Amino acid sequence: IFIGGSVTEALLDRAQPTLLLTLYALTIQVVIGVPAGVLAAVRYNSWLDRALTVIAISGAAVPTFFLGIMLILFFAVRVRWLPSGGYTPLTEDPVAHFKGMIMPAFALGFSSAGLLARLVRSSMLDVLREDYVRTAWAKGLPERLVVIRHALRNALIPAITVVAASDAQRPAGVVVTE
């Protein structure tokens, strides 16, 4: 009655923004969470490890809607860089589209990134203690090669599982954030 169309049409009209926001949040989660977890593990017990751990725990502890409100207050109200709401289709104006999507995507992705960073850190610490990684160090391979090729490849297996499981729950968070 209010929309003037069928329920199916209304759902399909709103599916694209929800799916795009889910994709952007997933991208932010992985881009922030994986490098943060790897850095924290490689620099175990350093100031960087502690700082990244505090940021990861903070990201996981802050509710998405609260972070979204704080982002709106700062980026839309205070500095006026981004719009406070609304949606512009990607095909209509790509710049306006990304400006409108960055805050909700960051709010959703940052909380998930904290959990992912903690998981990647823990998994990397376990893998870095394995015999094959110690053998790679003993052979004199560069740190970057040992970390990326030998350790990260195996440490990402549990992380991929968690990311896939969180993707199943993400649309519910997207609806609240929208």
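**Stop 1: the whole chain**

Keep in mind that this is a predicted model. Followed along the sequence, the pattern reads α-α-α-α-α-α. The trace spans about 70 × 35 × 30 Å.

**Stop 2: α1 against α2**

Select α1, residues 7-42, and then α2, residues 47-61. How far apart are the axes of α1 and α2, and at what angle do the helices pack? The axes are 8 Å apart, and the angle is about 145°. The crossing of these two helices is left-handed.

Next, show side chains at the contact. On the α1 side, pick Ala36, Leu39 and Ala40. They meet Leu48, Asp49 and Leu52 of α2. Sorted by class, this contact holds five nonpolar residues, no polar ones and one charged one.

**Stop 3: α2 against α4**

Is their crossing left-handed or right-handed? The crossing of α2 and α4 is left-handed.

Select the residues that make this contact. From α2, take Asp49, Thr53, Ile55, Ala56, Ile57, Gly59 and Ala60. From α4, take Phe110, Ser111, Gly114, Leu115, Ala117, Arg118 and Arg121. By class, the contact of α2 with α4 has seven nonpolar, four polar and three charged residues.

**Stop 4: the cavity**

How many cavities of 30 Å³ or more does a search of the whole structure find? The search finds one. The largest cavity has about 40 Å³ of space.

Select its lining: Ala36, Gly37, Ala40, Leu52, Thr53, Ala56, Ala117, Arg118 and Arg121. Colour these residues by helix. α1, α2 and α4 each supply at least two residues of the lining. Then colour by class: five lining residues are nonpolar, two are polar and two are charged.

Some of these names come from earlier stops. Ala36 and Ala40 line the cavity, and both take part in the contact of α1 with α2. Thr53, Ala56, Ala117, Arg118 and Arg121 also line the cavity, and they belong to the contact of α2 with α4.

Note on methods
Residues numbered from 1 in each chain as written. Predicted model: local features only at pLDDT ≥ 70, side-chain atom pairs only at ≥ 80, totals over all residues. Heavy atoms only, no water. Axes fitted to C-alpha atoms, helices over the stretch in contact; angles between N-to-C directions. Helix = DSSP H or I, 4+ residues; strand = E, 2+ residues; numbered from the N terminus. Left-handed = near helix turned anticlockwise from the far one by under 90°. Contact = heavy atoms within 4.5 Å. Nonpolar A, V, L, I, M, F, W, Y, C, P; charged D, E, K, R; others polar. 1 Å grid on protein atoms, 1.4 Å probe; cavity = no way out; pocket = protein on both sides within 12 Å on 5 of 7 lines; lining within 4 Å. Points joined across faces, edges and corners; volume = space filled by probe spheres on them.
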